[in-house]
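Subject: Structure for you to look at

Hello,

I am passing on the structure we talked about. My notes on what was found in it follow below.

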Amino acid sequence: ALSDFETGSWTPVYQALTSNPTVTHSVQLGRYVKVGSFVNVMFRIQTSAASGGSGALVIGGLPFAVTVVSSLFASGPVGFSSAFTNFAPQTLLVGSNSTLIQLIRNSGTNGYDQLGTSITTSELSNASGANDLIGALSYRTDS
């Protein structure tokens with residue numbers, strides 16, 4: 001499996017599960033390392049303008065889908081987030097057989113509430129240099 005080693009880049013893009021927002025990205029950097037069936041990704045995504053859309057906000061473009069296992073999810077940390085409207089993403093979540101990173105925040109207004117609420121497109125700010133997000137994720141793939 002160690003002979004199956006690959007590095008590369010991918011392009012993260014803000015999308016939504018219901019209807020995509022109109023987004024002008026100012027930074028879209030993604031890198032990955034794949035060793036056998038394990039993938040490590042890191043990314044930075046920032047906007048210069050955003051409007052519209054509806055539903056849960058996601059980041060599309062992962063280079064490989066998460067392995068197909070019922071009820072298995074991959075999750076990872078948000079290393080930095082800045083200038084979202086009301087709530088900032090706190091963790092990353094990817095479901096089985098998906099290439100979309102769901103952005104999750106706590107369900108209330110204090111740090112003790114569960115991490116279980118999706119960031120929605122309404123959290124995207126239209127300010128230049130806003131919606132800056134840096135994260136990393138490790139997961140298993142069938143690819």
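In what follows, strands are DSSP runs of E at least two residues long, numbered from the N terminus. Please keep in mind that this is a predicted model.

The chain as a whole

The chain has 10 strands and 0 helices. Its radius of gyration is 15 Å, close to the 15 Å that the globule rule gives for 143 residues, so the chain is as compact as a globular protein of that length. The C-alpha trace spans about 45 × 30 × 25 Å along its principal axes. Of the contacts between residues at least 6 apart in sequence, 69% join residues at least 24 apart.

The accessible surface comes to about 7000 Å², and carbon and sulfur atoms account for 51% of that surface. As for charge, there are 5 positive and 6 negative side chains, with the centres of the two sets 4 Å apart.

The core

Of the 143 residues, 41% count as buried. In soluble globular proteins, nonpolar side chains tend to be buried together. Here the largest nonpolar core has 26 residues, and those with the most contacts inside it are Tyr 14, Ile 59, Ile 101, Leu 103 and Tyr 139. Elements giving two or more residues to this core include β3 (22–35), β6 (73–82) and β10. The largest share, 5 residues, comes from β4.

Ile 101 has contacts well beyond its sequence neighbours: leaving out residues up to four places away, Ile 101 touches, among others, Trp 10, Phe 43, Ile 59, Leu 92 and Leu 137.

Two asparagines in one loop

Asn 131 lies in the loop between β9 (115–118) and β10 (132–140), and Asn 126 is found in the loop between β9 and β10 as well. Which of the two labels, buried or exposed, applies to Asn 131? Buried means under 20% relative accessible area, and Asn 131 counts as buried because its relative accessibility is 0%. Asn 126 is at 51%, and therefore counts as exposed, the cut-off for that being over 50%.

Their contacts, leaving aside residues within four places in sequence, are as follows. Asn 131 is in contact with residues including Tyr 14, Ile 45, Ala 50, Phe 84 and Glu 123. Asn 126 touches Ser 48, Ala 49 and Ala 50. The C-alpha atom of Asn 126 is separated by 21 Å from that of Ile 101, and these two residues are 25 apart along the chain.

Regards

Definitions and conventions. Residues numbered from 1 in each chain as written. Predicted model: local features only at pLDDT ≥ 70, side-chain atom pairs only at ≥ 80, totals over all residues. Heavy atoms only, no water. Helix = DSSP H or I, 4+ residues; strand = E, 2+ residues; numbered from the N terminus. Buried < 20%, exposed > 50% of the residue type's maximum accessible area, 1.4 Å probe, protein only. Contact = heavy atoms within 4.5 Å. Rg over C-alpha atoms; globule rule 2.2 N^0.38 Å. Areas by Shrake-Rupley, 256 points an atom, 1.4 Å probe, with all protein chains shown as cover. Lys, Arg positive; Asp, Glu negative; His and termini not counted. Charge placed at Lys NZ, Arg CZ, Asp CG, Glu CD. Core = buried A, V, L, I, M, F, W, Y, C linked by side-chain atoms within 4.5 Å.
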